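Hi everyone, thanks for coming along. Please have the sequence and the model open while I talk, and stop me if a word is new to you.

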Amino acid sequence: MTTVVLSIGSNLGDRLARLQSVLDGLGSAVRAVSPVYETAAWGGVEQGPFLNAVLVADDPALDGHGWLRRGQELEQAAGRVRGQKWGPRTLDVDLVTCHADGTEVMSREDGLTLPHPLAHLRAFVLIPWLDIDPDATLTVAGESRPVQRLLTEIDPGERAGVSRTELVLERATEL
């Protein structure tokens with residue numbers, strides 16, 4: 001069984017519908033979904049604000065590369081064009097971390113870097129993640145660290161720029 005933490009974001013078009021498309025696309029694999037946050041764009045490119053959320057999902061048929069492909073398929077379905085680094089996007093699906101049978105997957109090959117190398121620097125990832133897993137940990141520089149502690153190391157101004165919205169992502173109801 002592989003379990004992933006996915007960070008999803010959108011700042012073009014119907015942002016909420018783009019995020020919802022990820023939940024719809026993953027269906028019953030979704031185990032938890034955070035509240036929706038609005039955040040200023042990250043990375044220094046002038047653009048509109050993002051809606052962000054974090055999901056936990058699992059699927060016994062997918063490994064790290066399978067989750068990467070699945071995320072890219074969801075981005076493509078949302079019309080994602082990979083242009084400017086950290087530029088505006090219809091949908092961004094990032095694999096933050098992946099665990100296979102309880103063991104964290106480490107990867108630096110074939111276009112897959114796990115855990116995500118910048119997640120520990122991004123309040124828009126850590127804050128929603130803590131909403132659904134207050135005991136979350138993330139490996140940074142070879143050391144498993146509590147996400148709560150990582151969040152305290154981020155600039156207070158950046159943390160304050162991550163605002164919880166009243167918007168809600170709906171998990172599909174199983175019949």
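Let's begin with G25, which sits in helix α1. Helices here are DSSP runs of H or I with at least four residues, strands are runs of E with at least two, and both are numbered from the N terminus. Before I go further, this is a predicted model: local features need pLDDT of at least 70, side-chain atom pairs count only at pLDDT 80 or more, and totals for chains, interfaces and linings use all residues. Residues are numbered from 1 along each chain as its sequence is written, and side-chain values use heavy atoms, with hydrogens and water left out.

Back to G25. Is G25 buried, exposed or partly exposed? Its relative accessibility is 31%, so it counts as partly exposed. The cut-offs are under 20% relative accessible area for buried, over 50% for exposed, and partly exposed in between, using a 1.4 Å probe and protein chains only. Setting aside neighbours within four places in sequence, G25 is in contact with R70 and L74; contact means heavy atoms within 4.5 Å. From G25 to P60 there are 35 residues in sequence, and 16 Å in space from C-alpha to C-alpha.

Helix α1 covers residues 15-26 and helix α2 covers residues 64-77; they pack at an angle of about 130 degrees, and their axes are 10 Å apart. The axes are lines fitted to C-alpha atoms, for helices over the stretch in contact, and the angles run from 0 to 180 degrees between N-to-C directions. That angle makes α1 oblique to α2. For the wording, under 35 degrees is roughly parallel, over 145 is roughly antiparallel, 65 to 115 is roughly perpendicular, and the rest is oblique.

α1 passes α2 in a right-handed crossing. A crossing is right-handed if the near helix is turned clockwise from the far one by less than a right angle, and left-handed if anticlockwise. Which residues meet there? On the α1 side they are S21, V22, G25 and L26, and on the α2 side W67, R70 and L74. By class, this contact has four nonpolar, two polar and one charged residues. Nonpolar here covers Ala, Val, Leu, Ile, Met, Phe, Trp, Tyr, Cys and Pro; charged covers Asp, Glu, Lys and Arg; the others, Gly among them, are polar. A general point to keep in mind: an α-helix has 3.6 residues a turn, so residues three or four places apart point the same way.

Also in helix α1 is Q20. Q20 counts as buried because its relative accessibility is 15%. Beyond four places in sequence, Q20 touches V168, L169 and E170.

Now for T2, in strand β1, residues 2-10. With a relative accessible area of 8%, T2 is buried. What does its side chain reach? Another is the side chain of W67, in a polar contact of 2.9 Å. A polar contact is a pair of N or O atoms within 3.5 Å; within protein, one must be able to donate a hydrogen and the other to accept it, and residues adjacent in sequence count only if both atoms are side-chain atoms.

Next, helix α3, which is mostly covered: eight of its 10 residues are buried. W129 is found in α3, and it is buried at a relative accessible area of 2%. Leaving out residues up to four places away in sequence, W129 touches several others, including V5, V54, V96 and V147. The C-alpha atoms of W129 and P146 are 17 residues apart along the chain and separated by 11 Å.

Finally, a few loops. P115 lies in the loop between β8 (112-114) and α3 (123-132), and a cis peptide bond joins L114 and P115, with omega about -10 degrees. R122 is in the loop between β8 and α3 too, and at 6% relative accessibility R122 counts as buried.

By contrast, D101, in the loop between β5 (92-100) and β6 (103-104), is exposed, with a relative accessible area of 65%. Phi of D101 is near 50 degrees, a positive value in a residue other than glycine. A141 is not a glycine either, and has a positive phi of about 50 degrees. Its place is the loop between β9 (137-140) and β10 (143-146), and at 82% relative accessibility A141 counts as exposed.
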